[in-house]
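Keep the structure open beside you as you read.

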Amino acid sequence: MYKISIISPVYNVEKYIINCIDSILKQTLEDIEIVFVDDHGTDNSIKKAKEYIARQKTNKVFRFTETPVNSGPGPARNTGLEIAQGEYVAFIDSDDKLETTYCEELYQTAKKYDCDLCCCQAWMDFNADRRSILLKSPVIENGTLSEEDKKRFLTEFVPYHTTFLFKKTFVTTNQIIYPKERSAEDSYFVIMLVLSAKRMAQVRNPLYHYIIRSDSVSKSINNLRYRDKLSVFDQMLVNTKKRGIYTKFKSEIDFLYIKKGFLMSVFEYVLNIQIPDPEIITEIYQELVTQIPDYNKNQYFRKKIPFRIVTYFINKVPSLATKLLKTGVKVKKL
């Protein structure tokens, strides 16, 4: 058994995958395997990766598998998880890069505290202007994960699944997989696993580089992506109720839906279409009301005055809301 399996979907990253591979080859932890999952892009990403790896002298094990057809990042990660042989698994994007101690620091910390999951901080690197932003999740005490820890972490964390190391048996025992949708599938995966975890640890150093580039899948124009986002957070509500988790964490789960399901769906739609349709905005709002009728009583939502203002306009004057969002209202990452 390997210490870590790194699982990475590969789709149209020919320009960037070598940088990713180099950062894996430089990992100070040796006993790892890397599973690249071919999701049938239109370029030579996989061919280029195989040829480059074949020329390297390394003890690290590289394996290749593929999805039956192009399925999106979630199903591709699930495919990699099925064959992963590591004690822990990490999911990275094949156009990002790692600090050299990413695997070692996460693994040693996870083992030290016998944790279900362990996370680090990250850098968001903007290639266009060569600037970076530090992405920080709230600090919790290593080795514990109380109900209060979960509540605070879930309402404040940076939802980048690539900063997490997951114990594989923990993931498979809880039967949590990535949704098939192509938006917010990573947030769902982290949320469900944090809610299910008993022990968690953190590395306070930023060890992952999330690289923002104009031609990435997550940044491409898609005016229907909001539907995927809503679908994923609908699943979050359904599955937390099925698992008996929802009642205990109702305020936090509802707030995640309001913040990352409803509001981010509105922003996704408005910013991805030239002329937004106010009826679509109303449709998204009605989904919020259907799923969480008492949303305006949520304790976290009530403290977020900007959220309340935006939601008010979306509800009462959707045409004005679309214009305000379209013409320059800057929205921070939710």
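**From the whole chain to the core**

Of the 334 residues in the protein chain, 56% are buried. Bear in mind that this is a predicted model. The chain holds 13 helices and nine strands. Its radius of gyration is 20 Å, close to the 20 Å that the globule rule gives for 334 residues, so the chain is as compact as a globular protein of that length. Along the principal axes, the C-alpha trace spans about 65 × 45 × 35 Å. Among contacts with a separation of 6 or more, 80% join residues 24 or more positions apart.

Now let's look inside. The largest nonpolar core has 67 residues, and the members touching the most others are L117, F166, M236 and F262. Helix α9 (residues 250-271) gives the most to this core, contributing 12 residues. Apart from it lies another core of 44 residues, including I4, I6, I18 and Y160.

Beyond its neighbours within four places in sequence, F166 is in contact with residues including Y88, F91, L117, F189 and L193. F166 sits in strand β8 (residues 164-167), which is covered on both faces: F164 and F166 are buried on one side, L165 and K167 on the other.

Conventions: Residues numbered from 1 in each chain as written. Predicted model: local features only at pLDDT ≥ 70, side-chain atom pairs only at ≥ 80, totals over all residues. Heavy atoms only, no water. Core = buried A, V, L, I, M, F, W, Y, C linked by side-chain atoms within 4.5 Å. Buried < 20%, exposed > 50% of the residue type's maximum accessible area, 1.4 Å probe, protein only. Helix = DSSP H or I, 4+ residues; strand = E, 2+ residues; numbered from the N terminus. Contact = heavy atoms within 4.5 Å. Rg over C-alpha atoms; globule rule 2.2 N^0.38 Å.
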